[in-house]
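Subject: Structure handover

Hello,

Here is the structure you are taking over, followed by notes on what was found in it. Please read the notes with the structure open beside them.

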Amino acid sequence: MRWIPLLLILSFTLIGGINIYKRETRLTQRGFYLIGLTYLTLLEIIVFTPISFDSSTIYVMPLGIGRVNLTQLDIFNLGFFENIVLTVPLGMMIKWSFEKMSLVKMSIIGLLIGSSIETIQYYLSHVFLINRSSDINDVLANGIGIIFGAILVSSFAYLLRRTSLKIPLIAHLEK
């Protein structure tokens, strides 16, 4: 019973992969979508199944309902940093999909996604005994990672716009 979330994740990934493969004819786009799907699948496996990753170790968590921490902030540890790194690509994907979204809105979305992840973990831990903890530190780390990913995409887009404006000017001056 505790493996139902993993089976659902893998089933939806298979359906999504087949859909991408059939509908997207451009190889570059197809590859980009499949990489995104792979990332989202791995993210879902990490946060919604009893499979746990602890720095360099992979293991199956014992049966349990996990713990809840809504008050104790502990942002100076490796787990906090790992959660930030884990969600940076998600922030990049959201910002690429919604280019016009401001960073303030991305901050709100980041915190909402972090809260949603922890709420779903709490629910799945109680229903499927996946032993996942719900932690305010994870909400903050996920939000920071999403915001950082959005800032990276915004900075990259700004540099591209700035570079593409300079190139015609340089070409015009050289004539």
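**The α4-β4 loop**

L129 is partly exposed, with a relative accessible area of 34%. This is a predicted model, which applies to everything below. L129 sits in the loop that runs between α4 (103-128) and β4. The phi angle of L129 is near 55°, which is a positive value in a residue other than glycine.

N131 belongs to the loop between α4 and β4 as well. For N131, phi is near 65°, again positive in a residue other than glycine. N131 has a relative accessible area of 16%. Residues under 20% count as buried, so N131 is buried. L129, at 34%, is partly exposed.

D135 is part of strand β4, which covers residues 134-135. D135 is buried, as its relative accessible area is 10%. Two side-chain interactions of D135 may be of use to you:

- The side chains of D135 and N69 are joined by a polar contact of 3.0 Å.
- The backbone nitrogen of N137 is reached by the side chain of D135 at 2.8 Å.

With residues up to four places away in sequence left out, D135 touches R67, N69 and E118.

R67 is found in the loop between β2 (57-60) and β3 (68-69). Its relative accessible area is 48%, so R67 is partly exposed. Apart from neighbours within four places in sequence, R67 is in contact with R132, S133, S134 and D135. For one of these, S133, the C-alpha atom is separated from that of R67 by 4.7 Å, although the two residues are 66 residues apart along the chain.

**Helices α1 and α2**

Helix α1 takes in residues 4-23, and its axis comes within 10 Å of the axis of α2, with a crossing of roughly 175°. Angles over 145 degrees count as roughly antiparallel, and α1 and α2 are therefore roughly antiparallel to each other. On the α1 side, the contact is made by P5, L6, I9, L10, T13, G16, G17, I20 and Y21. On the α2 side, the contact residues are R30, Y33, L34, L37, T41, E44, I45 and F48. By type, the residues of the contact of α1 with α2 comprise eleven nonpolar, four polar and two charged.

R30, which lies in helix α2, is worth a separate look. R30 counts as buried because its relative accessibility is 16%. Not counting residues up to four places away in sequence, R30 touches I20, Y21, E24 and T25. The C-alpha atoms of R30 and I20 are separated by 6.5 Å, and the two residues are ten residues apart along the chain.

**Helices α2 and α3**

How do α2 and α3 pack, and at what angle? Helix α2 (residues 27-48) and helix α3 (residues 78-97) have axes 11 Å apart and pack at an angle of about 135°. That makes α2 and α3 oblique to each other. The crossing in which α2 passes α3 is left-handed. From α2, the residues F32, G36, Y39, L40, L43 and I46 meet L86, T87, P89, L90, M93 and W96 of α3. The residues of the contact of α2 with α3 divide into ten nonpolar and two polar, with no charged residues.

**The chain overall**

The protein chain has five helices and four strands. Along the sequence their pattern is α-α-β-β-β-α-α-β-α. Taken along the principal axes, the C-alpha atoms of the protein chain fill a box of roughly 70 × 45 × 30 Å.

Of the 175 residues in the protein chain, 34% are buried. N131, D135 and R30 are among the buried residues. Of the contacts in the protein chain with a separation of 6 or more, 77% are between residues 24 or more positions apart.

Regards

Conventions:
Residues are numbered from 1 along each chain as its sequence is written. This is a predicted model: local features need pLDDT of at least 70, side-chain atom pairs count only at pLDDT 80 or more; totals for chains, interfaces and linings use all residues. Side-chain values use heavy atoms; hydrogens and water are left out. Helices (H or I, at least four residues) and strands (E, at least two) are DSSP runs, numbered from the N terminus. Buried means under 20% relative accessible area, exposed over 50%, partly exposed in between (1.4 Å probe, protein chains only). A polar contact is a pair of N or O atoms within 3.5 Å; within protein, one must be able to donate a hydrogen and the other to accept it, and residues adjacent in sequence count only if both atoms are side-chain atoms. Contact means heavy atoms within 4.5 Å. Axes are lines fitted to C-alpha atoms, for helices over the stretch in contact, and angles run from 0 to 180 degrees between N-to-C directions. Angles under 35 degrees count as roughly parallel, over 145 as roughly antiparallel, 65 to 115 as roughly perpendicular and the rest as oblique. A crossing is left-handed if the near helix is turned anticlockwise from the far one by less than a right angle, and right-handed if clockwise. Ala, Val, Leu, Ile, Met, Phe, Trp, Tyr, Cys and Pro count as nonpolar, Asp, Glu, Lys and Arg as charged, and the others, Gly among them, as polar.
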